[in-house]
Amino acid sequence: MGDQAAGPAAANAGTRAGNSPAPAVNAITRSGDSPAADQPDTDPPTAADQPDTGTGIGTGTGTGTGPLTATVHNSVRQLRADAWSSLGELTHRPPGEQDAGRLEELFQLLTPIENCWAFPGKAGLAELRRLHETGDHRRLSQRAEELNRALSTGSYHHTPSPLAPHDGPAEADGTAGYDPGAAASKPYFEVLVVGELDDQEEQALRDELRRQRRDEDEFVYSLVISPSFEDAVVTALVNSSVQAVVIRHRFADRSAHDLHVLRRFFEGDAGQHIPCGRQPEQRAQLLGDRLLALRPELDLYLMTEASVERTAGSLSRRFARVFHAREGLLELHLSILHGIGERYRAPFFTALRAHSRRPSGVFHALPISRGTSVVTSHWIPEMARFYGLNIFLAETSATSGGLDSLLEPTGPLREAQDLAARAFGARQTYFVTNGTSTANKVVVQALVRPGDVVLVDRNCHKSHHYGLMLAGAHVVYLDAYPLDQYGMYGAVPIEEIKRKLLMLRREGLLDRVKLLLLTNCTFDGIVYNPSRVMEECLALKPDLAFLWDEAWFAFARFHPVYRRRTAMAAARELTDRYRSADYAQRYAAHRRELGAEPDEETLLSSRLMPDPDTVRVRVYATQSTHKTLTSLRQGSMIHVFDQEFRHKVAETFREAYMTHTSTSPNYQILASLDLGRRQAELEGFELVQKQLEQAGVLRDAIDQHPLLSRYLHFLTTPELVPARFRSSGVEQPLRTGLARMSAAWQDDEFVLDPTRATLHIGRTGIDGDTFKHEHLMDRYGVQVNKTTRNTLLFMTTIGTTRSAVAYLIEVLVKIVEELRENIEEMNPRERAVHRRRRAALNDPSAALPDFSEFHTAFRPGVHTPEGDLRTAFFLAYDDTQCEYLPSHEVGEAVAGGREVVSATFVTPYPPGFPVLVPGQVINKEVLRYMEALDTREIHGYRPDTGYRVFTEAALKEQTALSGQLRKNRGRLTARGTAGAAAADTGTGPSTGTGTGTGTGTGTGTGTGTGTGTRGSERA
């Protein structure tokens, strides 16, 4: 992976700095990989046991000349970079030392690859081949170096004629009034033209589009020609510079090139579903659909020789415009630039920048506005020097004068949010300036009323627990599968969710279930299959709403494999699916197979399908843009894809947004969200691919390092996702290529995000917290995301650089070298202590506890597990209802049969989720887990005073009150049902004795507490 030269080119160069073998980037599963926990309980070999093979880590580019094959690369981009590096090294050798056979191999390898790029492209490669064949070694070496340098630095983006001077002087373009030098400051992209063109036609097309250039053009582009359906798909996948596609009326089905190397990466993506034998318009439509499925940000244009009017009417809205092939190309040129310009727009950032440049007088709040309170200060001048003046010029309280109000956006902020909705596949998007913690509370309050039942992963972020408490939800906690060996949880199986829904249906409470809340991906990188989860849940509850906490997953929208596992993509997929006639037929067959009254075990074991006539797709996603995309800290977004939003949720959402949104939002955060969206739309695909590559580099650099691999080990998919959740059987999806990764991400219930790398450190004998703080952070300034007792979580992002990865490896080598020396110098007693400590870290810790239960005092139902968090939370505000019990006293009380109930949230960091919530019964499993924790930070628990719990008297009083409420609720429900039934026939009494209103369809009114038609009663 990666644009590093850590592949075979580097490996074949022998050794690197520090004389350590260069880590190979291996895409295949290595035999011998085994879980870290299975390592024997012995110290890793010391220098006395094994010769020192060197511990340095190289960061330079490899220049080896060994064979390059796809089996040791995880991306075409990396393979291409290594091939060009090898080509440059070979041509730089004296003529007598050049390996002609090896050069020919490289030319053959690069030929199908360069057809996917404008630069160096097939023209640049053909030039080098001609120089080689004519024996002009000096010029060959010079041009190879020039092309390599331009390719590695990206300087060709700012050169109007990338192969100049060999394309002829710029004035030979025949472009009137065009200054080629002006292109140097303009953003560059490439346009894919799909069509069978001979050399003359291709050159004519290039010349004609070049003549359309004008100085006022905002962008500059080059053409890539793909003659076939297959070539076009491969180019879109490998060339991230492609931003627009022009599909001509004639193109072949299969590539004429030998694509066996490239097919290894894209088998299943490029080679399937080629529309052989179709009409031209149908083939163009299918190709457009295919390209947008892979990269939805692309702008599509069609050039046809058929009736343009008829074609335009028959094609979908996926094409921006349809042109006649024999008409001039000016409109095509302008359309291409306009399409890019629409994505390039950043309306709020532009407005804020314009505002900062206007002279103004401030007679409003915010003395720091315009920097006046800073630049004239005698005591804080360093503030202006550090931040610069622009940040103060852009600080304002104004919501007019070209700016906008976040609470009631009508101008540039509204435009910015609309652009974000388009980019992320949402129907509505809302910016949030104080993090996803607030975004979560907004969505929960918008969808949930007091007494509504919500299913939620117990291990979700604390903001969900507090949000549910504030909303008055009755919470049903879901248990994820545990990973006791590493002190972490996985994700919630669909069977667990279905089991809880069926239990609530059995008890007559399914109508009160409003929301399912899950975290995707989890902190540790476990990724759900949202479309499957939602589909099976909707089969049981067709109007269920879903909140997917994608705080760590905003980047996923911009990669074709990741995208399908995002909430918005899944919502669109399900919406389109349920509209199709094919699905209606499959659903009818599914119902016949299940039978009229399937039992619960059948429903649990079957892949369920919802009724397309009743299902409503209602999906929300909250994203911490600042965590994985470009944004200032606390920049987040709420994405909405809810078919009921406009007539059921819009007003409550507005009120919830008003409740939690500041009237003084930070404009810098909002502007950064706007720009972050622009970047994601225009280069997100490229950046996420690099992010994946850097993750692979990091894993390989450690797992294949002769010293580090003896102490450290990155956990793999089989170690974090049990086999029962991986129907594909693919154990290392990314290592076996993008095609197999795509298959696993399509089928498996859970997959592992490769960019979240969990490093097992148990064999070092150092616990995670100590390793993070005392070694990585305090000594070397390396920031780590999360720890458990024996793991560290590293994550690569779109901002991760090769240098950062190299620095981390260097730091780990230093730490492990010191550890090895310390072990060598230990006396027998110290070595025994070290071995015991290491054994303890490699043995499973105390079992991770499932959620115990809510105490009866806080359970609205007798036979169901939902709990009233809010009642418990606010009961604890009365000090007379609570007491503190030390840990040992709690243990004794539990052993003696007392129900001890937590009055607070108790949240250890790590892992960062509540082990106890208000109203939860403390059991032996919780106590055992808490005693085994070795973390330095536990919120809600004080070692000096112990646990804050409810007194027995408080629980007795609250239990009696809850029992009375349950009785009253039962009577009201019964009366509400009777009243609603009477109202439905128009013959019942006009009034009843409930406390709410039940809406019927007859002439009378029943008085229950229903909120919809009969059967929707509430207490």
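Helix α16 covers residues 412–424, and since its 13 residues should span 18 Å at 1.5 Å a residue, the 18 Å between its end C-alpha atoms agrees with expectation; the expected span is 1.5 Å times one less than the number of residues. Helices here are DSSP runs of H or I with at least four residues, strands are runs of E with at least two, and both are numbered from the N terminus. This is a predicted model, in which local features need pLDDT of at least 70 and side-chain atom pairs count only at pLDDT 80 or more, while totals for chains, interfaces and linings use all residues. Residues are numbered from 1 along each chain as its sequence is written, and side-chain values use heavy atoms, with hydrogens and water left out.

Several residues of α16 are buried, among them Pro412, Leu413, Ala416 and Phe424, where buried means under 20% relative accessible area, exposed means over 50%, and partly exposed lies in between, with a 1.4 Å probe and protein chains only. After α16 comes Gly425, whose phi is positive, near 75 degrees. In the protein as a whole there are 36 helices and 25 strands, and 58% of the 1019 residues count as buried.

The aromatic rings come next. A pair of aromatic rings is described by the distance of the centres and the angle of the planes. Rings of Phe, Tyr and Trp (its six-membered ring) pair if their centres lie within 6.5 Å, and planes under 30 degrees apart count as stacked, over 60 as edge-to-face and the rest as tilted. The structure holds 38 such aromatic pairs. In one of them, the ring centres of Tyr466 and Phe905 are 4.5 Å apart and the planes stand at 45 degrees, so the pair is tilted. This pair links distant parts of the chain, because Tyr466 belongs to helix α18 (residues 462–471) and Phe905 to the loop between α34 (887–895) and β23 (907–909), 439 residues apart. Tyr466 counts as partly exposed at 30% relative accessibility, whereas Phe905, at 7%, is buried.

The rings of Phe653 and Tyr657 have their centres 6.2 Å apart and their planes at 15 degrees, so this pair is stacked. Both residues lie in helix α26 (residues 645–660), four residues apart, about one turn of the helix, and both are buried.
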